[in-house]
Amino acid sequence: MLDFFTIFSKGGLVLWGEGMMGAAGTPILTAPLPQERGGNNSFTHEALTLKYKLDNQFELVFVVGFQKILTLTYVDKLIDDVHKEFRDKYRNEFQQKGALGLLNGTFDFKDDFMRLLRDAEESSKVRAPTVMKTFEQSLKSQKTVKCMIETRGEKPKEKVKNKKNKGSKKDGTEAVAAPSKASVGDKQLSAAGDKEELTKDEILQKNREEFFRRHMKAGEKSRSPKPDAQKEKGKKPRVWDLGNSNAKVLDYSNSATNGSAEACPVEEFDPDMALGDKNREPGRLYDLEYESDDEAEEEKVVQNPSKPSVKKGGLGGMFGMLKGLVGSKSLTREDMDPVLEKMKDHLIAKNVAAEIAVQLCESVAKKLEGKVMGTFTTVTSTVKQALQEALVQILQPQRRVDVLRDVMDAQRHRRPYVVTFCGVNGVGKSTNLAKISFWLIENGFSVLIAACDTFRAGAVEQLRTHTRRLNALHPPESHGGRTMVQLYEKGYGKDAAGIAMEAISYARNQGFDVVLVDTAGRMQDNAPLMTALAKLIAVNAPDLVLFVGEALVGNEAVDQLVKFNKALADHSMAQTPRLIDGIVLTKFDTIDDKVGAAISMTYITSKPIVFVGTGQTYCDLRSLNAKAVVAALMKA
């Protein structure tokens, strides 16, 4: 049932293996274990599933592999039992010889492993499947047919009996004081009893009739005849005082201005306002910077109030402090729990999604559990250092997206490089598209902007304004008479996928280097709009799909990215659906040090943050610096 089981050191040296291709004592090449991503101890690659367990005390890794299609319930028990047995059997050899014990040791563990495997398989077979209860064992079988029959008016009679009992008690007490009134009380009780013998439905019907009879008379008096005003059917379009009521003026479907320089006349404006930094290097994408304090944080030693400290002299206090700092024992979960709880609250306060903060702390606990602390280190500093390393590893992309290199590669194949921008409403897709256009133009590439947001009012006009200003900053005279940026648009209410296809074909014929496709903002729960986005991406097959998200969100970032990726996968017709390739993080200048959205987005998709928007000018575009983001995240 199992494909293999192997035990190796974190350095990659195989100690023992069953079913492995490599022999014990040979080094193997291993990929980094994904413990920083949620504390998950399983990894799936194609048809194979791997489960592993770490021993941080002796730097060992226990890995078991089996086919993904199989459901093996005993794997977790087996890997725990093997870990405990192997560690206890060779504990002395690891402690006395250290690294030499791993290199020169002989580990005869096959008989023990087969015994543990048989025990684990038998334990899974012992559990019998749950059997449904028979009818005799159920509570329903204990009920008689008579108790399940409901007669009309039965419940009101029970209430009457209770009321009669209460009334009789009341009459009994009153009879001692006034015996002459007993007969009158009996007559009143009998009359009330006859009245209450009516069913509940009949009482409700009588109450309704009295209510309507009472209010109909009052309503007839208050009503006054009103003249019947003839209402005009249909809605009239609103006509603004300074607007134009002619719809033909707003229709660009028959416009022949696409691709012509006259369509985007040069606009005169202050270039310093649009560029911002005067000392910048043209075409360079600067790293994101964060000014952190260099002062080391002082660790506060909190004394336990339940145990009063007894001073035994000056040397006793000094040695007590050193005893708490010297690394003489391995870390346990109880030691780390208070620190991890504070770290989790700190991450959530910095805008990290709550679920991701919990998973990060869980992964750090698994990574450090059993590890021997270094000399003169505290639990807080050890946990903080491990968390910082995990965060940097998450932010560093597994596959680096180099846009300039990919554009030059597309140039060699004589085709345009296509980038599609998607995201929810109001995150800054059009604004950051203009920033990326400016960056590409400064690197010598011509850009065609495809206005595929045919839904939002003013979307085409916004892109037209950006095109005019970009042409003013980089006029054709500075590039040999070549217009560096143009807008391709067909107005509103058209098919976005069709416009994108026409724009790509136009760019190929006219020799444009890059096509930037702007799409309409849509919420991740809107199924029709998500289907249209998946269609646009599936039909046009862009080279890069960028998700534009704002840095202000926390838990919402997780929901957005998960549902965008799910929609692209569900509505794609291809066998291998095209998902999000990278992230553009916007409004980064508005959050100070609450940079948790960067962690949440990269954690969910494992995709890199390609661009970071930091302001309102065309130069406010940065590349992500993982260490700067982590420094801001860990700042108190």
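Here are some notes on helices, backbone turns, ring pairs and salt bridges in this predicted model.

1. Start with helix α12, residues 354–368. Its 15 residues reach 21 Å from the first C-alpha to the last, close to the 21 Å expected at 1.5 Å a residue. Just past the end of α12, Gly370 has a positive phi of about 90°.

2. Now take helix α15, residues 429–442. Gly444 follows α15, and its phi is positive, near 90°.

3. Most residues other than glycine have a negative phi. Lys587 isn't a glycine, yet its phi is positive at about 55°, and Asp592 likewise has a positive phi of about 55° without being a glycine. Where do you find Lys587? Look in the loop between β11 (582–586) and α20; Asp592 lies in the loop between β11 and α20 too. As for solvent, Lys587 is partly exposed, with a relative accessible area of 29%, while Asp592 counts as exposed at 64%.

4. On to the aromatics. How many aromatic pairs does a search of the whole structure find? The count is 10. Take Phe547 and Phe564: their ring centres are 5.2 Å apart and their planes sit at 70°, so this pair is edge-to-face. Phe547 belongs to strand β10 (residues 544–550) and Phe564 to helix α19, so the pair ties together parts 17 residues apart in sequence. Both Phe547 and Phe564 are buried. Elsewhere, ring pairs join Phe5, Trp16, Phe62, Phe86, Phe109 and Phe113 into a cluster.

5. Then the charged pairs. Searching the whole structure turns up 24 salt bridges. One of them is between Lys77 and Asp81, with the closest N and O atoms 2.8 Å apart. Lys77 and Asp81 are 4 residues apart in helix α1 (residues 75–89), which means about one helical turn separates them. Both ends are partly exposed: Lys77 has a relative accessible area of 36%, and Asp81 has 26%.

6. Lys367 pairs with Glu389, the closest N and O atoms being 3.9 Å apart. This pair links distant parts of the chain, Lys367 in helix α12 and Glu389 in helix α13, 22 residues apart. Lys367 is partly exposed at 21% relative accessibility, and so is Glu389 at 40%.

7. Lys535 and Asp495 also meet in a salt bridge, at 3.6 Å from N to O. Lys535 lies in helix α18 (residues 527–540) and Asp495 in the loop between β8 (485–488) and α17 (496–510), so the pair ties together parts 40 residues apart in sequence. Both count as partly exposed, Lys535 at 41% and Asp495 at 43%. There is a network as well: salt bridges that share partners join Glu85, Lys89, Asp112 and Arg115.

8. Last, a record to check against the model. An unreviewed UniProt entry places the feature "domain: SRP54-type proteins GTP-binding" at residues 608–621. Over residues 608–621 the chain is 0% helix and 43% strand, and the end C-alpha atoms are 16 Å apart.

Key
Residues are numbered from 1 along each chain as its sequence is written. This is a predicted model: local features need pLDDT of at least 70, side-chain atom pairs count only at pLDDT 80 or more; totals for chains, interfaces and linings use all residues. Side-chain values use heavy atoms; hydrogens and water are left out. Helices (H or I, at least four residues) and strands (E, at least two) are DSSP runs, numbered from the N terminus. The expected span of a helix is 1.5 Å times one less than its number of residues. Buried means under 20% relative accessible area, exposed over 50%, partly exposed in between (1.4 Å probe, protein chains only). Rings of Phe, Tyr and Trp (its six-membered ring) pair if their centres lie within 6.5 Å; planes under 30 degrees apart count as stacked, over 60 as edge-to-face and the rest as tilted. UniProt positions are given in the numbering used here, feature names are shortened, and annotations may be inferred rather than shown by experiment. A salt bridge is a side-chain nitrogen of Lys or Arg within 4 Å of a carboxyl oxygen of Asp or Glu.
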